[in-house]
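Hello,

Here is the structure I promised to pass on. Please load it, then read my notes below.

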Amino acid sequence: MKTTPRSLLRLSALCLTMLAAPASWALDAGAPAPDLNLPGLKDAVTLAQLKGKVVYVDFWASWCGPCKQSFPFMNELQSKYGAQGLTVLAVNLDAKRADADKFLGEVPAQFTVAFDATGDSAKRFDVKGMPSSYVIGRDGKVAAVHKGFREQDRKDIESRIVEILGTP
Amino acid sequence: MSTAPDQPLVAGSTVPPTRRALSRLGLALIAAAGLGGCAMSPPQPWEKGNLARPEMTMGGDALDQRFVQHIYGSKEAASGGYGVGGGGCGCN
């Protein structure tokens, strides 16, 4: 290859694009929720089919401690507010499906579970920590975002959900 | 085995100096881009499954580690940063 000024220019352009940091926009409350279309335990799970409902989308993985802690809470949410139109949808982000299945064998999940080994949905939801949860209102917009899970977060999340369930 | 005495010893010496400078600059740019590549894609929060495994932490014995961390926490008024177990937001 001959080194000409033109090829050098091309090379430096390439270097600059490689160095440019990928921009990311946080998915905040008020933004329309990205759609999900993932395989579930039986059928495919999409957000579109849950339109008009309040959806609690939770991103979890089998190796994540706080995620395990949040499962009983999500079971409680589903049984308590399911009748009022809440759907708990837990998206698993394990690279290996077997890990997720093992976890689900140990920790019961009485809510909708979907699987995304690619992590593509987490990217679109701009997940910043594990677990992350997004409450999607009846209008299909993100109403609340919560990062991480601690036992003391229960009350805050629950009262926020009650509030969102109350808004048409 | 013998070499002709009139041939230059270093093959690169026949390259004109400007082109040599340009190719050096090109190499430097490639190296710089390589450095950038390291910092480009840190693992995403959901890609830390392997990092969260117990064998990825410093030290072997969980009880001993806990003891050490307890002392460290009380002396330094700081904790966390020992392995990955989810949270990802400083909430352990």
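Helices (H or I, at least four residues) and strands (E, at least two) are DSSP runs, numbered from the N terminus.

Some conventions. Residues are numbered from 1 along each chain as its sequence is written, with chains lettered from A and ligands numbered from 1 in the order in which they are written. This is a predicted model: local features need pLDDT of at least 70, side-chain atom pairs count only at pLDDT 80 or more, and totals for chains, interfaces and linings use all residues.

**Chain B**

Start with helix α2 of chain B, residues 62-76. Its 15 residues should span 21 Å at 1.5 Å a residue, and the end C-alpha atoms are 20 Å apart, which agrees. The count of buried residues in α2(B) is zero. (Buried means 20 or more other C-beta atoms within 10 Å of a residue's own; exposed means 12 or fewer; partly exposed is in between; C-beta atoms are placed from the backbone.) Just after α2(B), B:A77 has a positive phi of about 55°.

**The sheet in chain A**

Chain A has an open sheet of five strands, ordered β5-β4-β3-β6-β7, with mixed pairing. Two strands pair if DSSP finds at least two bridges between them. The edges are β5 (112-115) and β7 (142-147) of chain A; each has a single partner strand, so one side of each lacks a neighbour in the sheet. Neighbouring strands are turned by 20° against each other on average, direction ignored.

β3 (residues 54-60) and β6 (residues 132-136) of chain A run antiparallel, joined by five bridges. A:V55 has A:I136 in β6(A) as its bridge partner.

Helix α2 of chain A (residues 65-81) lies across β3 and β4 (86-92) of chain A, at about 155° to β4(A). Axes are lines fitted to C-alpha atoms, for helices over the stretch in contact (C-beta atoms, placed from the backbone, within 7 Å), and angles run from 0 to 180 degrees between N-to-C directions.

**Loops in chain A**

The loop between α4 (120-124) and β6 of chain A holds A:P131. A cis peptide bond joins A:M130 to A:P131, with omega about -10°. A:D126 sits in the loop between α4 and β6 of chain A. Its phi is positive, about 60°, although A:D126 is not a glycine. A:D126 counts as partly exposed because it has 16 C-beta neighbours inside 10 Å.

A:G82 lies between α2 and β4 of chain A, in the loop. A:G82 is also partly exposed, with 14 C-beta neighbours inside 10 Å.

Best wishes

Note on methods. Expected span 1.5 Å × (residues − 1). Contact = placed C-beta atoms within 7 Å.
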